[in-house]
Structure formats: C-alpha cells, structure tokens
Amino acid sequence: MSALRVLAVVGARPNFVKIAPLMRAMARKPALEPLLVHTGQHYDGPMSEQFFDDLEIPRPAVNLGVGSGSHAVQTAEVMCRLEPVLEHLRPDLVLVVGDVNSTLAAALTAVKIGIEVAHVEAGLRSFDRTMPEEINRVVTDAVSRLLFVTEKSGLTNLLNEGADPRRIHVVGNVMIDALEASRPRWTASPIFRRLGLDTRRPYAVVTLHRPSNVDDPASLAALLDALEKLAAHLPIVFPVHPRVRAALGRRGEGGVRYLDPMGYLDFVALMSRARLVLTDSGGIQEETTILGVPCLTLRDSTERPVTVTHGTNRVIGADPGKIVHEALTSLEHPAAPPAPPPLWDGRAAERIVEVLADGR
Ligand code: UD1
C-alpha cells in the first residue's frame with residue numbers, strides 16, 4: 001500500500017510550535033509521507049526562522065510569502081497561492097493546526113478542491129465572535145473531516161455543533177509535546193545570563209498581542225500603565241510582538257523591560273522560572289499550566305477552560321486596576337500545584353499519526 005501523503009500548512013508562530021512534534025512523528029511512520037508548506041504569514045527571523053531552528057522543524061518545501069495584510073487580504077492571498085500548490089502536489093490530506101488566518105485559508109482551499117482536511121486543536125471555543133481566531137476555529141472545524149481535540153471542552157463543543165462523533169479524536173495537546181521534547185534544551189537556555197536576570201528573586205513575564213488589547217492606543221496605554229505600577233513590586237520582562245512595537249512609543253523608563261520577540265527555547269525558559277505570567281495568548285495559558293507557573297489571562301474569556309479547572313490559569317479581563325490587584329494577590333498567595341489535564345503527556349502527536357495512518 002502506498003504511503004498517505006499529508007501536506008501540513010503553517011503560517012504563524014504558534015503553528016510552528018504545534019507542527020514540530022507532528023512532523024517528527026509523521027517522519028517516523030512509514031505509512032505517512034509528510035510535506036510542509038509555510039504561508040509566510042509570519043516572516044521576521046525571530047517570529048519564524050528562529051522557531052524552525054529551536055524546534056528542529058524541517059525546512060518547508062514551499063514558502064508562499066504572503067506576509068501581512070488585512071484579514072481578507074491575508075486569507076485570500078494564502079488561498080490564491082496555496083491552490084496551485086495543492087493542485088500540483090495533490091496530497092491525500094491537508095493537515096492544519098490552531099486558529100490563525102493561515103489555518104482557515106488552508107482548510108478552505110483544500111476542501112474546495114476535494115482534498116480532505118485534518119484539524120489539530122479542534123473544538124476550542126471562546127464564544128466570543130469578535131475574536132478573529134474564533135471565526136477561524138468555527139469555520140475550520142466545520143470543513144474538516146478529522147478533528148483532533150486537546151481537552152474535553154473541545155469534544156463537548158463539537159458535539160453541540162452537530163459534528164459527527166466518528167470524526168472526533170481526543171488526543172491531548174501537541175503544544176505540550178513540543179514543550180516536553182525540548183525540555184533539556186530550554187533548561188539549558190542562556191537567556192537569564194544574557195538578560196542579567198537573577199532567578200533567585202521573583203520576576204514576572206508579560207506578553208500582549210490581542211487586537212482587543214493592543215490596537216486601541218488608549219487601552220494599550222492603560223494596560224502598560226498598570227504593568228508599570230506592578231513593576232514597582234517585581235521586575236517585569238515583556239518580549240514585544242511586532243504588532244505592539246510601534247505603539248510603545250517612548251515607553252521603557254517605567255520599570256518594565258521591553259525586549260525584542262524571543263525564540264521558543266529562550267521564552268519557555270524565561271516562563272519556566274517566572275513567579276507570574278500575564279498574557280493574552282492562548283498557548284501560554286497551556287504552557288504555564290504544565291510548567292506550574294501562575295498565569296493571569298488578560299481577556300474576558302478563554303477557549304481553553306481546562307487551564308483554569310486543572311491548571312494555573314485565571315481569566316481576569318483587562319481592567320488595569322484589577323490586573324494590579326490580582327497580580328499582587330497572586331504574589332502573596334501561591335497557587336495550589338496544578339494537575340496536568342488528561343492526555344497532556346507529550347504523546348499527542350503519536351496518537352494523531354496513529355489515526356492518520358489508520359485512515360490510509
Ligand atoms: C497572529 C494570529 C494570532 C496568533 C498570533 C501569534 C491571526 C488572525 N492572528 O496574530 O491568532 O496568536 O499570530 O503571534 O491569524 N508582523 C511583523 N513581522 C512578522 C509578522 C507580523 O512585523 O513576522 C506585524 C505586521 O505589522 C502585521 C502584524 O504584526 O501586520 C500582525 O501580524 P498578523 O500575522 O496579521 O497577526 P498577529 O497579530 O501576529
């Protein structure tokens with residue numbers, strides 16, 4: 001029997017983390033023939049190439065070079081440029097991960113020319129349709145034949161939306177596979193020395209990039225003011241997403257250390273020894289849960305509720321006064337040790353490739 005040709009499509013930073021263990025697991029499986037396409041949604045060295053190096057991801061066969069743009073432009077560019085590649089390569093299956101514009105665009109392109117789609121990290125729902133990622137999740141799941149789920153809420157959501165249970169596989173979390181597989185390397189990261197950060201003393205790590213937090217200058221300024229207040233209590237390091245960089249202006253004297261975007265290994269190392277993480281990212285809620293580091297999520301909702309029920313995450317919104325108050329409370333009262341969510345054991349990719357190989 002010939003191998004199943006699986007074409008994986010990635011575009012943005014969190015996609016790279018998720019695809020790393022999948023590419024490795026597929027390469028080990030003779031029944032599968034993996035191929036990788038990069039859409040080019042993220043293109044700066046620290047946002048893209050550094051992740052390929054850190055996570056030892058094979059170089060993509062094709063880079064579509066779509067770059068930045070409005071949602072319509074970016075999504076449409078991926079579709080226009082991916083379609084001829086799919087027509088030419090005619091894979092048996094297109095594999096997409098996560099919820100970025102590249103995920104949605106690749107899924108739509110494939111299904112419309114009769115190529116089946118598998119979605120890894122299916123079923124997550126924030127129930128907030130003002131988030132671009134929520135639209136991407138709902139539509140991608142609706143057109144995918146195989147739905148790989150990280151947590152029980154994903155299964156419930158998909159069943160509630162009428163998905164065929166035979167399409168759904170609860171497999172665990174490939175982001176945690178990546179974290180565990182690279183543990184020896186991030187443990188050895190020189191980032192603390194490079195930053196002159198004393199790990200014997202508590203420090204906090206911040207990331208912000210959600211449009212709802214950073215696109216409106218007044219909201220962003222209020223958030224940064226809150227962080228600067230908190231910086232009076234402990235050092236704060238903040239690797240800044242390019243989306244936010246321009247809006248920072250002359251900030252930098254208020255006690256928060258604003259840094260360039262960081263590679264995967266350095267960033268995980270930095271989180272692993274932090275006393276507190278404040279973020280609006282999705283993946284970081286999951287990583288802090290496994291690292292056992294308290295996480296305050298500066299959003300009104302999470303599509304990853306298991307990080308609250310089992311992990312270290314608290315969803316506190318973006319009110320500046322509340323952020324300072326909750327952060328100080330968290331510093332005074334260490335959280336109970338987390339219980340890892342079911343199947344977040346570093347073996348999700350293996351389970352996924354078993355299912356893919358079975359469907360050959
Ligand atoms: C995207 C995802 C988001 C994910 C995030 C991770 C969508 C809708 N959003 O958001 O879900 O959490 O990636 O980082 O897909 N830019 C650069 N260099 C780059 C990439 C981006 O300078 O390499 C700047 C550009 O000004 C660009 C802006 O960042 O317009 C936003 O990039 P984009 O990929 O559109 O969205 P993200 O905010 O990165």
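1. An oxygen atom of the ligand sits 2.9 Å from a polar backbone atom of Tyr43, a polar contact in the sense of a pair of N or O atoms within 3.5 Å (within protein, one must be able to donate a hydrogen and the other to accept it, and residues adjacent in sequence count only if both atoms are side-chain atoms). Please keep in mind that this is a predicted model, where local features need pLDDT of at least 70, side-chain atom pairs count only at pLDDT 80 or more, and totals for chains, interfaces and linings use all residues. Residues are numbered from 1 along each chain as its sequence is written, and side-chain values use heavy atoms, with hydrogens and water left out.

2. Side chains also reach the ligand. A polar side-chain atom of Glu133 is 2.5 Å from a ligand oxygen atom, and for His241 the corresponding distance to an oxygen atom of the ligand is 2.9 Å. In total, 19 residues surround the ligand, counting a residue if one of its heavy atoms lies within 4 Å. The closest are His42, Asp44, Asn101, Glu133 and His209.

3. Now to the helices, which are DSSP runs (H or I, at least four residues) numbered from the N terminus. Helix H3 (residues 71-89) and helix H4 (residues 101-112) have axes that come within 8 Å and cross at roughly 45 degrees; the axes are lines fitted to C-alpha atoms over the stretch in contact, and angles run from 0 to 180 degrees between N-to-C directions. H3 and H4 are therefore oblique to each other, the class left after roughly parallel (under 35 degrees), roughly antiparallel (over 145) and roughly perpendicular (65 to 115).

4. The H3 and H4 crossing is right-handed, that is, the near helix is turned clockwise from the far one by less than a right angle.

5. Helix H14 (residues 283-291) crosses helix H7 (residues 174-181) at roughly 50 degrees, their axes coming within 10 Å. That makes H7 oblique to H14. Met175, Ile176, Leu179 and Glu180 of H7 touch Gly283, Glu286, Glu287, Ile290 and Leu291 of H14. By class, there are 5 nonpolar, 1 polar and 3 charged residues.

6. H14 also packs with helix H13 (residues 264-272), at about 55 degrees and with the axes 10 Å apart. The crossing of H13 and H14 is right-handed. Tyr264, Phe267, Val268, Met271 and Ser272 of H13 meet Ile284, Glu287, Thr288 and Leu291 of H14.

Conventions:
Helix = DSSP H or I, 4+ residues; strand = E, 2+ residues; numbered from the N terminus. Contact = heavy atoms within 4.5 Å. Nonpolar A, V, L, I, M, F, W, Y, C, P; charged D, E, K, R; others polar.
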